[in-house]
Structures are given as C-alpha cells and as structure tokens.
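Dear colleague,

I am passing on a structure that may be new to you, together with some notes on what was found in it.

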Amino acid sequence: MSSSDPRRQIPRTDALLADPAIAVLAAELGDAVVRAVLSDSTARARAFELPADGVREHALAALQRLRSNPTTMRPVLNATGVIVHTNLGRAPLSPAAVAALVVAAGYVDVEFDLTSGLRADRGRGTLAALLAAVPGAEAALVVNNAAGALSLATTALAQGRELIVSRGELVEIGDGFRIPDLIASTGVVLREVGTTNRTHPGDYEAALGPASAAILKVHPSNYRVQGFTREVAIAECARLARGHGIPLIADIGSGVLRPDPLLPQEPDAARTLADGADLVICSGDKLLGGPQAGLLLGRSELIQRLRRHPLARAFRADKLTLAALEATLRGPRPPVGQALHSDPVELARRTEALRAGLVAARPDLADHAKVVPADGAIGGGGGPGVALPGWALSVSGLPLPAQVLSARLRTGTPALVARNDGGCTLIDLRAVPAAEDAVVLACLQAALAGDH
Ligand SMILES: *Cc1c(COP(=O)(O)O)cnc(C)c1O
C-alpha cells in the first residue's frame, strides 16, 4: 500500500468502537454484532466499494437497521390477497397480541399465584379466555400447534389400539405433512373406512370393535370433494362412538370458534362440540388470527388425561404464545378477521386511491395501471374454494416484464409480495393494513423506477 493509497485513511476498528455514537449502539446490540458490522464496512472500503471517510456512516446506518430489526427476518407487505399465507407466517397478530408479547417477554406470573406465593396452573388466564369463547367446552389445553395437539391426543387416547378415520379425510396439509403419517408415528393403528368420496355410517359400524380406541374426524381444510359424495356428520359419528364407549375426536383445522356467516362450510368448535364431539382440535394461527398454537377443547376427563401424559411437556406452549393467544381471544377482531370481512366497496376505494396516487406521480402509467375485480382467498388456513370478492391494482403492458417488477417489489424495503397473473402484477390490498397503503404506493413507485 503506497502512502497515497486512500485505503490508509480507513479508520481502525478500535477508533470506530470508541466513537460515542457507535459505543451507544454497542452497549445495546453487543460487542460481537458491532464488530461484525465494522469489519463488513471496512472490508467494503478496502474493496473500494465505499470511500474511506464513508465507513463510519455506513456502519452506523447498518447498526441502526439492526436495532430496528435485530433478526434476519424481513417484514413483508402481503399484497397477494391470500389472507392466511403459510410462507408469510400465517396470521399477523393484532396490536393487542403484540402488546401482550412485550409484557410476557419479561418475568410474568404465567405459572405462579402472586397472592399465595405458590405455583399455579400454567396459562390459566388464556384457558379461561378460551372457555369464555367456547362455553360448550368443559376444559381446554393449549399446545405448540395443531399437529402437536393431534399427536398428543392420539398417543394418550389410542396408542397400541385402533383409530377409525374415513378415507375421505386422510389429509396432507402442506410441505409433505400428512395427518395419517403423523398418527401412525404415534404407534396408533389407523383403521381406514369408506372410500375417497363416500363414507357411510355402516362403514364406521363395521370397523368398530374391541380394538377401537376412538373415532377421528378430520376437516378437509385445504380441498373439497365434490360431486357424488357422502360423509358422516359429527352427530352421527358421536352417536356411533358413544354406542361403543369410545371418544370422538374432531380435528376442525382452522380454529373458527363460533359460526361465521362468510364460512358456511367451515366447522366451528362450538357447533362441533354441541353436535357431540368429545375433543376438538384446531390451530391458533389460521382463521382464529392468533399465534401458532394447537387448541384442544372438550370433556374434562379427556383433557386431564392429555395434560397428565408425559408428552404434554414436550408440546407445552410458550408463555409468549399464551399471552398473544389470550389477547387475541379477548381483544378486538384480529387482522385475519378484518381481511376476511373486508368490505368490497372499501377495497375498491383504497385500490382506486392507490391508482390515483401512482398516476399522479407517473402520468405515463395511466394506461398501464387498472383497478380490476380480483377474488381474495383464505389460503392454507381453510375455506377451500371460498372466493372473497374484491379488487386489485393490475399493472401490465410495461417494457418492464411483470416478473421483474414482482422481483423488485419483493426485494425492496419493505418487501412487498404481489400476485402474478399472466403478464400482470396484481396488488391486492385485502391483507394489507389500510394504514400501510401509502407505503404500498412508495414501494410500487420505487420498484417501477428501479431505484431501491
Ligand atoms: C392446518 C391443519 C393442521 C395442522 O395445524 P398446525 O397448527 O399447522 O400444526 C391439522 N389438521 C388440519 C385439518 C389442518 O387444517
């Protein structure tokens, strides 16, 4: 390195660490993180990607970003119109649930009675909220997720014996996760009855015998069997199970607790219990709109058996989950419910405003941005085939290919995931909080200009 080499001007790590602004961030983020950032910034200066006198600013900007988001996960604006998007983390939490997470992050009385100073039932406030939401349930239990709830229930109630399930209900949820494989892995013998499209009460009756431990009903939450079909209703299965002195377990999937007029096909916990199911299983982060969790509701005696099973500890819900779930249950309608019940007129108004904002900034795009009818979807969370009427901004016919525009939107800040439909990029505001519409516009303008 010659004496005139600009790289001689690159500040030393020690000098940067002594910088008051950087020292403050080091106290917050930890030395190791700060050293890694400084080493990255100085390496860039050595590679001539940064001027030597820009190292401090570059490092400070990176540290500020880390302070506002200390993870590698990036927030995403979901403009796909798919409400419960598994790849985007399913349900976004309500502000109440987010506030609950912050409270539960510290020491909390999750398993402690402050009056007596003694140990108390874990998550009792959450269970009370669940029982208040579903008064027909005698007792409740919360575990990690619905798959955990199902494993615990089949292990505790049917291990070494037979579980009777219709062939029309052998569901694969996604990413290769198959309910029959899960059940078989718990050492339960799966006794399949009926056919893919038709199962009759007589099919269950013929299978019931001394080896039967329970009947399982699984809601086909992500597909529909249409045409020449027959399924045996919960009430009929409950009657058959009772006749043999065994429980009926119902995996209803999406976590609708009470009937919703928008989802007439979706079983809800209250109705399923009223129809005679002994144990209902569902997810917390699908249509319920809460954190990832598996909810078990039903007869006290069964819930007690699950609670006391050694595996219960392995599926135990975290205090953060319990807090966010309680706030979701007690609080206002969470984002999933809001997106589901979005008024199409309001969606049209927001989409028109987005278009107007874009065209005001870019009059040349007037013929390329249109408000078009577009159905939203519930997604992996349930309601297969349910189309939610709404609107989207369709951007098309640009020299910029739709794939490139979508890729720029995804890699912008914040990231925005749109829907590709042929040569069009569709921006659907259904699952975007209305307060973020201006951010969507900014993302779109940046991506169209290519400057982010
Ligand atoms: C989604 C789903 C599950 C799995 O739920 P997780 O909470 O993801 O574990 C199980 N059964 C049905 C019917 C489902 O829809």
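Is the crossing of α3 and α4 right-handed or left-handed? Please bear in mind throughout that this is a predicted model. The crossing of these two helices, α3 and α4, is right-handed, and the contact behind it is made by V33, V34, V37, L38, D40, S41, T42, R44 and A45 on the α3 side and by V55, H58, A59, A62, L63 and L66 on the α4 side. Sorted by kind, the residues of this contact of α3 with α4 comprise 10 nonpolar, three polar and two charged. Helix α3 covers residues 31-46 and helix α4 residues 55-68, and they pack at an angle of about 140° with their axes 9 Å apart, so α3 and α4 are oblique to each other.

A second pair consists of helix α5 (residues 95-104) and helix α13 (residues 319-330), which pack at an angle of about 145° with 8 Å between their axes. Here, too, a right-handed crossing is found, with α5 passing α13. From α5 the contact draws on A96, A97, A100, L101 and A104, and from α13 on K319, L320, A323, A324, A327 and T328; nine of the residues in this contact are nonpolar, one is polar and one is charged.

Turning to the ligand, 13 residues lie around it, of which A147, S221, D251, S283 and K286 come nearest. A backbone N or O atom of A147 is 2.8 Å from an oxygen atom of the ligand. For S283, a polar side-chain atom lies 2.7 Å from a ligand oxygen atom, and a polar side-chain atom of K286 likewise lies 2.7 Å from an oxygen atom of the ligand.

Technical notes
Residues are numbered from 1 along each chain as its sequence is written. This is a predicted model: local features need pLDDT of at least 70, side-chain atom pairs count only at pLDDT 80 or more; totals for chains, interfaces and linings use all residues. Side-chain values use heavy atoms; hydrogens and water are left out. Axes are lines fitted to C-alpha atoms, for helices over the stretch in contact, and angles run from 0 to 180 degrees between N-to-C directions. Helices (H or I, at least four residues) and strands (E, at least two) are DSSP runs, numbered from the N terminus. Angles under 35 degrees count as roughly parallel, over 145 as roughly antiparallel, 65 to 115 as roughly perpendicular and the rest as oblique. A crossing is left-handed if the near helix is turned anticlockwise from the far one by less than a right angle, and right-handed if clockwise. Contact means heavy atoms within 4.5 Å. Ala, Val, Leu, Ile, Met, Phe, Trp, Tyr, Cys and Pro count as nonpolar, Asp, Glu, Lys and Arg as charged, and the others, Gly among them, as polar. A residue is near a molecule or strand if one of its heavy atoms lies within 4 Å of it. A polar contact is a pair of N or O atoms within 3.5 Å; within protein, one must be able to donate a hydrogen and the other to accept it, and residues adjacent in sequence count only if both atoms are side-chain atoms.
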